[in-house]
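Please open the model in a viewer and keep the sequence panel beside it.

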Amino acid sequence: MVKKGLVSVLRTTTAALVAVCLAVPAPLMAQAADAREDQPLVDLVNPLMGTDSDYTLSYGNTYPAVAVPWGMNFWSPVTGKMGSGWGYTYHDKKISGIKQTHQPSPWMNDYAAFEIMAETGPLRIKQDERASWFSHKAEESHPYKYKVYLADHDVTAEVVPTSRAAQFRFTFPQSDDAHIVLDAYNKGSMVSVDPARRRITGYVRNNSGGVPDNFHNYFVLEFDHDFTVSRTWDENWQLHDTLKSEGGHVGAVVSFKTKRGEQVGVKVASSFISPEQAERNLTQEVGRDSFAQTEAKAKAIWEKELGRVRVSDPSIDNRRTFYSALYRMLQFPRMFHEIDAQGRKVHYSPYDGKVHDGPMYTDNGFWDTWRAVFPFFALMYPDVDSDIMQGLVNTYMESGWLPEWASPGHRSVMIGSNSANIIADAYLNGVRGFDVETLYQAMVKNATTSEGRPKDKKGNVLDAVGREGVEYYNRLGYVPYDVGINENAARSLEYATADFSLSRLASALGKTADAQKYAAQAQNYRKLYDPQTGWMRGRNQDGSWETPFNPLKWGDAFTEGNALHYSWSVMQDVQGLADLMGGRQAFVNRLDSIFTTPPLFDDSYYGHTIHEIREMQIVDMGQYAHGNQPIQHMIYLYDWAGAPWKTQHHVRDVMKKLYSATPDGYPGDEDNGQTSAWYVFSALGFYPVTPAVGQYAVGSPLFRNVQVTMPGGKMLTIEAQNNGPDNVYIQSVTLNGRAYDKAWFSREDLQRGGTLRFVMGPKPNTAWASGKDAVPYSMSAPTR
């Protein structure tokens with residue numbers, strides 16, 4: 001009787017639990033499961049973060065990249081039209097396939113892309129006709145795997161990545177007409193079907209510029225099923241039974257008879273070097289591995305890299321956002337080199353069109369990423385940073401110039417000479433294993449002449465390579481407003497920061513005269529400061545000021561910003577800038593004014609309201625435009641003025657309001673990891689403002705506990721006692737048990753490991769790190 005009663009109770013209890021579980025919405029159950037501290041970090045990542053964007057308003061302008069860190073190829077579902085930079089947007093309703101992509105930004109667009117799609121029923125090859133309705137409810141997106149249900153075809157499509165290859169798996173219904181379509185895209189392509197070997201090979205040539213005439217991306221697809229029918233189509237969309245097609249835009253179709261639930265697997269690899277190298281990449285990276293094995297390897301790679309920084313906190317949302325941002329940081333620049341039969345790194349050069357030994361990286365705009373992405377690599381990944389630097393050596397040797405925006409070769413986009421910052425920052429922070437003397441030579445060339453720069457295929461000089469207007473800059477100390485060079489004040493300010501980096505590297509290499517020369521030029525920012533208005537201002541060749549002057553005018557003398565944004569671009573000498581503005585309190589007041597000035601703007605330079613302006617306008621932060629890079633460091637400048645508690649307030653406010661692991665989770669373009677890097681550094685509690693000095697300005701740590709595995713395996717523990725949404729202010733800090741009262745940390749202190757302990761509270765401690773001896777480095781106060 002007792003046993004029988006116990007069984008009855010258990011049955012009743014189990015039934016009740018089942019009923020409760022059925023009553024709880026699945027997303028809430030998933031959220032509860034996600035909250036586990038022991039779950040894989042990679043499963044906290046949301047690759048859809050930032051995908052709800054378009055031309056007029058960016059919440060990231062990202063796509064769900066299925067990839068491994070710094071991989072040569074990414075894969076992404078396609079909802080947009082072929083050739084559109086907006087290949088996947090969250091609000092779209094149809095998917096036409098999954099493509100191999102190399103796109104770093106919608107504004108740069110894609111290259112070497114091709115698309116794979118599965119369908120059933122009557123064959124449809126045009127993109128808009130084969131596209132299927134889908135739902136985010138039947139979509140799974142992870143860094144290591146993408147899966148989606150294609151409703152119109154009753155097919156589930158999945159893809160898992162390696163660096164240069166991937167595996168697809170398509171689950172079909174019962175069908176006599178099951179198809180896999182390979183769309184090799186326009187601008188030149190070829191496909192060849194080999195039914196005996198179950199293969200499709202070929203090449204694509206599509207690109208958005210910056211490539212030699214012999215540019216090709218060779219691919220190989222290997223199927224695990226025999227084909228019942230094989231066809232190709234020509235550039236007029238005419239299907240043929242011939243097994244090869246070549247032209248402007250061609251493709252191939254292989255067909256099967258399938259049972260319900262039957263899975264067709266496809267292994268894919270590509271190469272920029274040769275068809276033989278594409279096959280080698282397939283063998284080396286996939287080989288005989290099953291789909292599940294490739295998935296597990298990709299997942300393990302991500303888990304290892306994300307696990308270098310382990311955060312612990314009650315807020316699952318903050319953890320999701322952190323790891324989603326970290327995932328974005330570890331994608332670019334992508335490897336452009338491959339591994340030959342002898343195991344050596346080799347690369348097709350997107351500069352001279354030849355195959356060379358050694359590493360090559362691409363798809364990066366240093367105007368964005370010098371600020372925080374590359375400092376993160378120098379701090380956490382010196383081996384990767386070293387390889388990227390040697391890739392820059394190869395770029396210089398093959399093209400004669402350093403890249404400023406490469407995709408995959410030189411592109412004429414953005415301004416500055418910011419390669420100097422990432423090179424000097426790497427070397428001054430202990431990164432070795434690259435030819436620094438050659439890179440120094442390249443930096444000096446940038447700073448010396450604008451002659452002999454590469455040209456595009458129309459014969460136009462790529463003015464984003466080197467320093468546009470450098471002869472004016474070297475003669476006057478600035479690029480004049482009235483000589484036909486747009487964004488001149490921004491260029492001048494960025495050249496001065498690059499000169500500072502040059503001077504630091506020259507000094508480290510024992511080049512004393514150069515160090516003094518470029519240190520003097522790093523003070524050129526003073527020539528653009530207008531004491532009457534209190535802002536940086538364009539200046540004419542004769543020394544007169546740009547007139548009329550509206551500090552709220554975007555563009556013109558500045559780049560994607562106005563005078564209120566670019567006036568803070570003196571990272572090398574914040575103390576000197578504060579002195580120009582009238583000293584500490586005046587500097588703080590001027591910083592405060594950015595947040596209190598209404599978000600008014602003059603967009604006449606562009607003729608319309610560009611998305612960067614709109615993103616500033618709508619977030620209710622005054623003139624603070626976090627959605628773009630020039631002002632992202634500004635919040636940390638309070639550390640130089642004795643008001644670090646204001647940095648703490650604003651940092652936490654921006655993290656709270658402008659970031660989330662959702663499709664609208666960024667405040668503007670994500671830009672190759674830079675907007676993510678701001679969040680990652682800020683969440684840890686510090687940020688790299690000044691290049692090449694190895695210091696990090698203190699902010700406000702987001703998490704209660706962080707375990708950071710530094711290079712060499714040393715562990716840095718970051719604790720934040722009493723931390724929470726309301727306790728954003730630092731009350732005190734200890735480093736390895738000793739009181740710490742500086743508004744900055746050194747690279748050596750962080751990489752040495754130990755325990756960094758913050759005590760947080762709801763009100764500012766205005767005394768902490770507020771003294772003049774507590775501020776970070778400035779050229780005007782280098783010993784502080």
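This is a predicted model: local features need pLDDT of at least 70, side-chain atom pairs count only at pLDDT 80 or more; totals for chains, interfaces and linings use all residues.

Select H153 and display its surroundings: with neighbours up to four places away in sequence left aside, H153 is in contact (heavy atoms within 4.5 Å) with M117, A118, E119, T120, R124, R130, S132 and P173. The residue is found in the loop between strand 7 (145–150) and strand 8 (155–161); helices (H or I, at least four residues) and strands (E, at least two) are DSSP runs, numbered from the N terminus. At 1% relative accessibility, H153 counts as buried, where buried means under 20% relative accessible area, exposed over 50%, and partly exposed in between (1.4 Å probe, protein chains only).

Residues are numbered from 1 along each chain as its sequence is written, and side-chain values use heavy atoms, with hydrogens and water left out.

**The nonpolar cores**

Next, select I180, F322 and W568. These residues have the most contacts inside the largest nonpolar core, which has 204 residues. A nonpolar core is a set of buried Ala, Val, Leu, Ile, Met, Phe, Trp, Tyr and Cys residues joined through side-chain atoms within 4.5 Å. Domain 1 (46–307) and domain 2 (338–447) both give residues to this core, so it lies between them; the domain bounds come from an automatic or database domain assignment. Apart from this core lies another, of 13 residues, among them A112, I273, Y348 and Y351.

Return to I180 and show its contacts. Leaving out residues up to four places away in sequence, I180 touches partners including I116, M117, A118, F170 and F172. Further partners of I180 include F223, A252, V254, F256 and V266.

**The two domains**

Colour residues 46–307 as domain 1 and residues 338–447 as domain 2. Their centres, taken over C-alpha atoms, are 29 Å apart. Domain 1 brings 23 residues to the contact and domain 2 brings 25 residues. Between them the two domains bury about 2000 Å², 58% of it on carbon and sulfur atoms; buried area is the accessible area (1.4 Å probe) that two parts lose on being put together, summed over both.

Which three residues supply 33% of the area that domain 1 buries against domain 2? Select W70, M108 and I273, which supply more of it than any other three residues. Across this interface the rule finds zero salt bridges, a salt bridge being a side-chain nitrogen of Lys or Arg within 4 Å of a carboxyl oxygen of Asp or Glu.

**Backbone geometry**

Most residues other than glycine have a negative phi, and most peptide bonds are trans. Keep W70 selected: its phi is near 60 degrees, a positive value in a residue other than glycine. W70 lies in the loop between helix 2 (26–34) and strand 1 (74–78) and, at 7% relative accessibility, counts as buried. Then go to A769, in the segment after strand 36 (754–761). The phi of A769 is near 55 degrees, also positive, and A769 counts as buried at 0% relative accessibility.

For the peptide bonds, select S407 and P408, which are joined in cis with omega near -15 degrees. P408 is placed in the loop between strand 26 (405–406) and helix 10 (419–428). A cis peptide bond also joins T547 and P548, with omega about -5 degrees. P548 is in the loop between strand 28 (535–536) and helix 15 (563–566).

Select helix 8 (residues 373–380): eight of its eight residues are buried, among them F374, F376, F377 and M380.

Turn to helix 14 (residues 512–521), in which A515, Y518 and Q521 are buried. Seen down the axis, these buried residues fall within an arc of 130 degrees, so they line one face of helix 14; the arc is that of the directions from the helix axis to the C-beta atoms. They pack against helix 11 (436–448), helix 12 (470–476) and helix 13 (488–508). The face turned away from the buried side carries the exposed residues T512, A513 and Q516.

Finish at M621, in the loop between helix 18 (611–617) and helix 19 (644–658). M621 is buried, with a relative accessible area of 5%. Beyond its neighbours within four places in sequence, M621 is in contact with I594, F595, D653, V654, K657 and L658.
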